[in-house]
Amino acid sequence: MAGWRPVLAVAAGTLLLAGCSSGSGDEPKAEGTPKKSSGASPSASASPVNEPYTLAEDRAPRTRAEAVAFVRELTVRPDYFGTGYRKRDPFESDPAEWAVLGEDCLWRREGLPDTVLASLTRMYELPAKGGKGPVYVSLTVTVHQDVVSARRDMAGSLEEALRCPEQQLNATDRVRGLYSQADAFTGGRTVISDDDLTERGNWVADGGKAHPFDWYKFRMGPVTVAATARHGSGRTEAEDSTVTTDMAKGMTFVAASIDSRGKAGDASATAEPTEPKGAGQ
Amino acid sequence: MSEPLRSSDPSRIAGFRLLRRLGAGGMGVVYLGRTDSGALAAVKVIRGEGAGDDGFRARFAREVELARRVDRPWVVPVLDADAEAREPWLATVFVPGPSVAEAVAAHGPLPSQAVRVLGGLLAQALDAVHTAGLVHRDVKPGNVLLALDGPRLIDFGIARATDDTALTASGLVVGTPGFLAPEQAEGQPATSASDLFALGCVLAYASTGTPPFGTGAPDALVYRTVHDEPELGDVEGELRSLVERCLAKDPAARPTADDVRGLLADDAPDASGGWLPDSVARMVAARSAESLAFPDVEPTVVDDPAVPTGHPGRRRLLLAGGALLLAGGGTGAAVWASGDDEKPSTGVGRPVYVLGVHTTTGTAEAAVSRASERAARLAVAQHNATPKRSYDLKVKVLADRGDADTAREVARTFTADRDVVAVLGPVAELPMQRAAAVYGAAGLTHVSSSTGQQDYFLTSPKTSFQSGPAHAALGGWIGLHAYITQQVVPAGVVIDRAGGSAMQDEGTQVVGNWRNILKSEVVPRVVAEDTDDGPKAVRELLAAGVKAFVYLGALDATVRTARSLAAARFTGPRWMQHQLYGSDFPRLAGAAGEGWYVVTDAADPSVLTTKRAKDFTAAWRKRYGSTPEPYATEAYDSAGMLLAEFARTVPAGARRRPVRADLAVRLAKVKYQGIARTYAFGDFHQYDNSSTGWADETFVHEVRGGRFRQLGSLGDLNRAAQSQG
């Protein structure tokens, strides 16, 4: 029963924002979406449908080392985002840095602030095939020091889209026309995590044509999971919509595994105190 | 404030079931009654000598006739009367509020601003009475009742014991010593000027807590009234000189009611009670709440006068009060259903169809839920008053608890009832989204007039409609208001997420419009929920030097922002989110709230000049004793639209029932002229704002004088600006 949530939520965003005029079915399909009860918790299968994926603060990593281990141990397979995705090279970012949007609306990687314990970005791509351009997906898991810091981070993300409707992702890529929607779980609408944020816009690479750009972000207690998708050329509206839905589905797999780790009590306790580069910063 | 009926009391007078005794005097008894449609009434029954006097009956009949012509909000309207009955009677709308006498006795004198409002509105009332050819003759603190939206003058002119002249045999003067004019005391006929003298006494009493000619024996009071100067304590300034003029010994020297109305031209307060001191407003609210608990006594029980009917008992009272607890299905949900007040007088063989009203319990939605229910009842009552109708209508109200389960439960209850032909609601966002699927699956058409999120369409693309604009649209219109009124200056916009997801919808548009269309600077701040970061964001924006402020958040946070901005002496334009229209903001923010704007589709029809708006306001006032509250107009329009289109789906021949699905097909193509706007639906069955009409259908309200005042539609303001420019 848990499976319908992501599909409906994503469909809602996609449909309304794209201005599509056809209605979806009443009962979204459950196929291909993670089961809420797949975790180790014996109570998970009995939990009500209307419960968000979350991570209790006291089950979350408490030190930078624990946090780095936590984000590294999360399995995020390329096919979470759909058939044909593969890892990009480089695949992972430095977990002691994260991306910050400057006053000049340019994204830069900077050292983590005190309120963030670790942040790891992984990069994937769906190679160009059959006249359809490549899709680039990035997935970032960030462990904040507490729930309040994570809440502020979500608000900050919403503010960024308002502050900078045009953002420079890197030397060549710009996004523009970002439009945000946010649904906190407490608002009672169909959501996946404690707080679901969806932004849609366009991205342009170096004088090329504009293509759809998605930015979704979930919060689970003190942990945020964000994903972006830069769509390539040559897709119909429906095909672009599928890319978006698949990306959100992949995020939901990640959210589900964070949720079940918290339920199993291994989020911090069993994390190996590895000491990767920059973790002690 | 009342006592049980006695065994000697009738159970019913004409169309009024009698519930309680409100009071008794030399002339008869005043009862609390209830009409068949559920409205409370004060029914005065004349007993004793007066009832047998033909002269009295003739005067009674004439005065009732005149009183029926008095149509002013601050005069309690006459519902019905019978001068020919063995015991003549008169029924007026029942006002539960305390009198000025009770309020002052309990909480002391009223502040001068409240006295000004009181004076201005009572002068309006007296002007109406005088224009109708009546003289009240007994204006006194006990005859002025307080309601949240203003005072009510009761007990005028009619059904008094004696004729117009002189003293009675018992030595008591007509009217009330201490409040009656010198000429009345001297035995001359009371005139409209006498009422003005009494008004002066009431205002002095309300200001100081004591009557201007003191208290004590009637003879001494009369003497002082004729010979002494009034004692006005510390009444000051303009109000003092006005009261002094009213209290002139020479009737010709007093102002007319119209003069006083003009001098105290404070506009009517809103329905929030903000014009009253908090303690008195609470007293008024408590009385209103008590009146809701008055039982419906079954006529069959009380027909036998030997059966005492005073105490129906608590259980009975709860049931009779209209509340019925329905156990929900497997979910364990429960919904509250209020009784069907509209009991149409079913003609022989005339079918009865039901208009459902899907409301929500809880304080945030209480006002809009109540307005929706009242709007539906008015619309249905108007249908049932049509002589040539081929069917009757009933209202059925079910409330969810704002959550998904109970919202669906309510929808299932409505859809399972074959007599329910359409539903007004749901009133709240989440119930709209969730119940839509149930309505859609059952093919039952419903219109929500108070929600602004549109994902209902995903699960119910055929029978779900939204007659109000999206939250986002209203955000865009804040910018338009700024543009029209030349208030486009660098703005700070705070989206306080604790206010719900509508804040984001509305705020995104505000920011986008400000930057891209108005080409002005805008600094956005998004405040995380449960962090208390709002005040910091406000400080930062002030430090950034913004000249306009848009705070989109919950009521408490917006009030706090108003206080912060006032403390910082910020005087630039300020807007709040549209859902706070009609809220307690003016009262809670006090002086700090003055000047705040709200841009909303919700109209205050009582200040509109079209015939439609006036007729609606009058009908509402007649039925409910007040001007239509916020969101009533749109709910009434939506109910009216549903019923009008439903009428076209009813087959001409008897025996065939209308097909549910037909209504939605019609509604999707409707163009319905409402009170203040034309309704049509877009591709998602949403309020269609693609045409140009919306500028005249979007209203700007400003907090002024402690209440929301409608400045006009965006179209009005634009035309005004153009004619000036």
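Among contacts in chain A between residues at least 6 apart in sequence, what percentage join residues at least 24 apart? It is 71%. Contact here means C-beta atoms, placed from the backbone, within 7 Å.

Some ground rules. This is a predicted model: local features need pLDDT of at least 70, side-chain atom pairs count only at pLDDT 80 or more, and totals for chains, interfaces and linings use all residues. Residues are numbered from 1 along each chain as its sequence is written, while chains are lettered from A and ligands numbered from 1 in the order in which they are written.

Chain A, then. It has four helices and ten strands, taken as DSSP runs numbered from the N terminus (helices H or I, at least four residues; strands E, at least two). The order is α-α-β-β-β-β-β-α-β-β-β-β-β-α. Of its 281 residues, 50% are buried, meaning 20 or more other C-beta atoms, placed from the backbone, lie within 10 Å of the residue's own.

On to chain B. There are 25 helices and 25 strands. Of 725 residues, 54% are buried. For contacts at least 6 apart in sequence, 66% link residues at least 24 apart.

Look at helix 23 of chain B, residues 632-647. Of its 16 residues, 14 are buried.

Now confidence. Chain B averages a pLDDT of 82 (the predictor's per-residue confidence, from 0 to 100). Strand 20 of chain B has the highest mean among the elements, 98; strand 10 has the lowest, 23. Residues 295-347 of chain B sit below 50. So do residues 157-173 of chain B, under 50.

For the complex, the predictor gives an ipTM of 0.80 and a pTM of 0.63.

Terms used:
A residue is buried if 20 or more other C-beta atoms lie within 10 Å of its own, exposed if 12 or fewer, and partly exposed in between; C-beta atoms are placed from the backbone. Two residues are in contact if their C-beta atoms, placed from the backbone, lie within 7 Å. The expected span of a helix is 1.5 Å times one less than its number of residues.
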